[in-house]
Amino acid sequence: MIVHDEIDSYLAADLHSELSAEERTALHTHLIECAACRKLHQETKIMNKILEDNLATEKTDPIF
């Protein structure tokens, strides 16, 4: 299945609402069927939340 083979790309796109309706349906259908990808999806969401919570207030150095 293409979703399984490209799971990292699908999960990143899903986090940023970049999937088409068809791709989102395919991803969610795959997550129902595949425990390994479902676990990775949960880990990806948790990591994204941690990064957003901790880096949202950080500002780029003006010299940068």
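**Exercise 1.** With which side chain does the side chain of His30 make a polar contact? Determine also where His30 lies and whether His30 is buried or exposed.

*Solution.* The structure is a predicted model.
Step 1: The partner is His4, whose side chain makes a polar contact with that of His30 at 3.2 Å.
Step 2: His30 belongs to helix H3, which covers residues 21-33.
Step 3: The relative accessible area of His30 is 5%. Since buried means under 20%, His30 is buried.

**Exercise 2.** State how many salt bridges the model contains, and describe the one formed by Lys39.

*Solution.* 
Step 1: The count comes to two salt bridges.
Step 2: Lys39 pairs with Glu43, and their closest N and O atoms are 3.9 Å apart.

**Exercise 3.** Identify the residue with which Asp53 forms a salt bridge, and classify the accessibility of Asp53 and of its partner.

*Solution.* 
Step 1: Asp53 forms a salt bridge with Lys49, with 3.0 Å between the closest N and O atoms.
Step 2: Asp53 and Lys49 are both located in helix H4, four residues apart, about one turn of the helix.
Step 3: Asp53 has a relative accessibility of 48% and so counts as partly exposed. Lys49 likewise counts as partly exposed, at 48%.

Technical notes
Residues are numbered from 1 along each chain as its sequence is written. This is a predicted model: local features need pLDDT of at least 70, side-chain atom pairs count only at pLDDT 80 or more; totals for chains, interfaces and linings use all residues. Side-chain values use heavy atoms; hydrogens and water are left out. Helices (H or I, at least four residues) and strands (E, at least two) are DSSP runs, numbered from the N terminus. Buried means under 20% relative accessible area, exposed over 50%, partly exposed in between (1.4 Å probe, protein chains only). A polar contact is a pair of N or O atoms within 3.5 Å; within protein, one must be able to donate a hydrogen and the other to accept it, and residues adjacent in sequence count only if both atoms are side-chain atoms. A salt bridge is a side-chain nitrogen of Lys or Arg within 4 Å of a carboxyl oxygen of Asp or Glu.
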